[in-house]
Amino acid sequence: MIYYAIEVMAPLLLAGLGGLFAELAGVLNIALEGMMLAGAFAAIVTASLTGSILAGMLGGLLAGLLLAYLFYFVGIRMRANIFIVGLAINLLAAGTIPFLSSAMFGTKGVLRLPNVPRMPGLFVGVETGFPLLDQILFGHSFGVYLTVPAVLLAGFVLRRTAFGLRLRSTGKNPETLRAVGLNPDRYRRAALLISGMGAGLAGSLLALRLGVYLPNVSAGRGWIALVTIYLGYKRPVGVLIAALCFALAEGVSVAAQGVLQIPGTLLLSLPYILTVVAMIVYSAMRRVAPSDA
Amino acid sequence: MVRTRIRRTQISLLYGALIVLLSTLLLGCAPAEDAAIDRPYSVAVFVPGVVEGSPTYEMLVEGVRRAVDESGNATVRIVEGGFNQAEWAGGITSLAATGSYDLIVSSNPSLPEIVNEVSQSFPEQHFLVLDGYWEGNPRLRTVMFNQREQAYLNGYFAGLVTTGGMPDSNDALRIGLLAGQEYPMMNQVIRPAFLEGAQAVNTDIELDFRVLGNWFDAGRAADLANSMLDRGVDVILSIAGGGNQGVIATARDRNAYVLWFDSSGFHHGPGVVIGSSLVKLDQAAYERTLEAIEGSLEFGVGEVLGVADGYVRFDDQDPNYIEYVPEDVRARHADLMQRLMDEPMEFAIPGAN
C-alpha cells in the first residue's frame with residue numbers, strides 16, 4: 001500500500017509545489033487541473049513522436065508552461081480577473097484537447113499512440129531487509145524520484161535565494177518591491193511559469209504511467225494539489241506531507257475494498273472526508289495561532 | 001363589348017377555381033400510404049453521451065444509419081446529449097416537441113423511465129430504446145440484452161484462466177471484477193453471474209470486487225488493479241469506461257489478464273486483453289429501426305435478447321483470441337456457448353416495471 005501511495009503522491013506533489021510558487025507570489029493558480037491535462041496530452045504525443053520518456057516529460061512540461069504564460073498574459077499583464085482566467089484555462093484545456101486529438105489522430109476518446117515507451121522503474125528488486133523501507137525507497141517509476149529533489153530545490157529557492165525572497169515579498173507586500181525599483185509582475189510571471197511547469201510535468205507522469213492519454217485523466221488531482229498548498233501551510237515540506245496524507249488515504253481506500261465488507265463507493269470517499277477534516281483542523285489551528293501561512 | 005369581356009373573365013376565373021378545387025379534392029382522396037411515401041420517415045438518435053470513443057453508441061448510430069440507408073425513404077439526425085444525466089430528459093423532450101420525428105432512438109438502461117415520462121406529454125411520439133427495459137407504454141419499444149448470460153460467459157472464461165488455462169495463471173483461485181460504479185444491474189446481475197460462471201469451472205474460485213467510483217480515473221483503476229493482483233487475482237473483468245486503460249497498463253506490467261465487456265477489446269492490449277463478450281447492439285438497432293420504418297415494429301413491448309437469439313456473443317473470431325488463448329480453453333468455452341444456445345439462462349431484470 002505504501003508503494004502505491006508514493007506513486008499516487010508524486011504528481012500531486014509536483015503540481016502542489018508549482019502551485020505553491022504562484023500562491024506565494026500572490027496568484028492563486030486555479031488552472032492547475034487544466035495544465036495537468038495539457039501536460040498529459042502533450043507528453044503522450046511527444047513520447048510517441050520521439051520514442052523517449054524524457055522527451056515526453058519535457059513535452060508535458062512545455063505544455064504547462066505555455067498555458068501558464070497565457071494565464072500570466074491575460075490575468076496579470078491584461079489585468080483580467082484571475083479566477084475567471086483560471087477557470088477559462090481549465091475549460092480551454094478540456095475543450096481544445098479533444099479537438100486537437102480528433103483533428104490529429106481521429107479520436108476524441110482514448111488516445112493510444114504507437115512508440116510510447118513504458119515508464120521505467122528504478123532500483124527494481126533492491127532489498128534492504130526491511131520491507132516497509134523497500135516499499136518507500138525502491139522500484140518506483142522514474143518520475144517519482146524527481147519529487148524529492150523538487151521538494152529540496154523548492155525549499156532552497158524559496159528560503160535561501162534572493163529570487164525566493166522577492167517572490168514571497170511579491171505576495172505579501174508588492175509595494176516594498178516597487179520601492180526598491182523591482183517590478184512585482186516579473187516575479188508573478190516567474191511564479192506562474194514555475195507552477196505551469198510543475199503541473200505539466202505532473203500530468204505527464206499520469207499519462208506516461210498508463211502509456212495512453214484519455215479525457216479527464218487528471219481526474220481532479222489539480223484541485224487536490226491546490227488543497228495541499230494550504231494544508232501544507234504554504235511550505236514545500238508541508239505540501240509534501242499533505243500530498244502524502246492524501247495519497248495514503250487514497251491507498252487505504254483502494255486496499256480496504258479488497259479486505260473490508262464495506263461498500264467500495266463509501267470507502268472511496270475517505271480521501272475527500274480526510275481533506276474536509278484537514279481543512280477544518282487547519283482553519284481551527286490558524287485561529288488559535290495566526291501565522292504567516 | 002366591355003360587359004362581354006368582363007363576363008368572359010368571370011367565367012375563366014370560375015373554371016380556374018373549379019379546377020383547383022377538384023385537384024385538391026382528388027389529392028385529398030388519395031390513399032394514405034401514397035402520402036406517407038412522399039414524406040421520408042424521419043428518425044432522430046439521441047445519444048446520452050458522445051458517440052466518438054464509445055463503442056456502444058458507435059454501434060447504435062451505425063445500426064440506425066444502416067437501416068435508414070437501406071430503406072431508401074428515411075432520414076436520420078444524430079443528437080449528442082452529453083454526459084450530464086440530468087439534461088437527458090430535456091434533450092429528449094426537445095426532440096419530441098419539434099414533432100418532426102417519426103421515431104426517436106436511444107440506448108441506456110436509465111432512459112426507458114425518462115422516455116416514459118416524456119411520452120406522457122407527447123402521446124403521438126414513438127420511441128425505441130436499446131439496452132433498457134420497459135413494458136406497457138404503447139409508444140415505447142425497448143430491447144434489453146441478457147446481461148446475466150453475458151457476465152456468465154466472462155465468468156466462465158475467467159474461471160478457465162485462473163485454474164491454469166493461461167501461461168501466466170497463478171495458483172490462487174481468485175478472479176477480479178472492477179466496476180466503474182455500483183448500480184442495480186451490476187450488483188444484482190453482472191457481479192453474481194460473473195462469479196457463478198467462474199464457479200461452474202471450480203466452486204472454490206473467489207471474486208475480488210472493486211469499485212472505481214467514476215468512469216474515467218485510469219490512475220486509480222491502475223492502483224485498484226495492482227491491489228487486486230497483490231491479493232492473488234490473475235484475471236480481471238474491467239467494466240470501468242476510460243478506467244479500463246489503467247487496468248490494462250497494470251496487467252501488462254505484471255503479466256496478468258484482462259477481460260472486456262460489451263465490445264471487442266483485443267486491440268487495446270493484444271496478449272493482455274484475452275477475452276471479450278459482445279452484445280450485437282448494432283444489429284438490434286438496425287433491425288428494429290428498419291421494422292419501424294417499414295411500419296411493422298410492435299410498440300409497448302420489452303424485448304430481451306440473449307445468446308440463443310444471437311445478440312450476446314463471445315468474440316471467438318478475433319486473431320488475438322486465437323493466437324493467445326490455448327486451444328483447449330477455447331474449446332471448453334465454445335462448449336459453454338453451445339450449452340447456452342440450447343438452454344438460455346433466466347434473466348430477472350432489476351427494477352423492471
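This tour moves through a predicted model in a series of selections.

**Confidence in chain A**

Begin by colouring chain A by pLDDT. The chain averages 91, and 98% of its residues score at least 70. Select helix H2 (residues 32-50) of chain A, where confidence is highest at a mean of 97. Then select helix H13 (residues 270-288) of chain A, where confidence is lowest, at a mean of 79.

**The contact between chains A and B**

Next, display both chains and select the residues through which they touch: 24 residues from chain A and 23 residues from chain B. On the side of chain A that touches chain B, at least two residues each come from helix H1 (2-24), helix H9 (184-210), helix H11 (236-256) and helix H12 (264-267). H9(A) gives the most to this side, with three residues. Coloured by class, this side of chain A shows 14 nonpolar, eight polar and two charged residues.

**Helix H7 of chain A**

Remain in chain A and select helix H7 (residues 162-172). Which of its residues are buried? They are Leu167(A), Arg168(A), Ser169(A) and Thr170(A).

Turn to chain B and colour it by domain: domain 1 covers 37-146 + 282-305, and domain 2 covers 147-279 + 308-342. The centres of domain 1 and domain 2 of chain B, taken over C-alpha atoms, are separated by 30 Å. Where the domains of chain B meet, eight residues of domain 1 are in contact with eleven residues of domain 2. Helix H3 (55-71) and helix H10 (281-294) of chain B each supply at least two residues of the domain 1 side. By class, that side has five nonpolar, three polar and no charged residues.

**The largest nonpolar core**

Finally, select the largest nonpolar core, which has 200 residues. Which members touch the most other members? They are Ile44(A), Val43(B), Leu178(B) and Ile236(B). H1(A) provides the largest share of this core, 16 residues, while domain 1 and domain 2 of chain B each contribute at least three residues.

Centre the view on Leu178(B). Beyond its neighbours within four places in sequence, Leu178(B) is in contact with residues including Leu212(B), Leu224(B), Ile236(B), Ile239(B) and Val247(B). Also among its contacts are Arg210(B) and Ser238(B).

Key: Residues numbered from 1 in each chain as written. Chains lettered and ligands numbered in written order. Predicted model: local features only at pLDDT ≥ 70, side-chain atom pairs only at ≥ 80, totals over all residues. Contact = placed C-beta atoms within 7 Å. Helix = DSSP H or I, 4+ residues; strand = E, 2+ residues; numbered from the N terminus. Nonpolar A, V, L, I, M, F, W, Y, C, P; charged D, E, K, R; others polar. pLDDT = per-residue confidence, 0-100. Domains from an automatic or database assignment. Buried ≥ 20, exposed ≤ 12 C-beta atoms within 10 Å, placed from the backbone. Core = buried A, V, L, I, M, F, W, Y, C linked by C-beta atoms within 7 Å.
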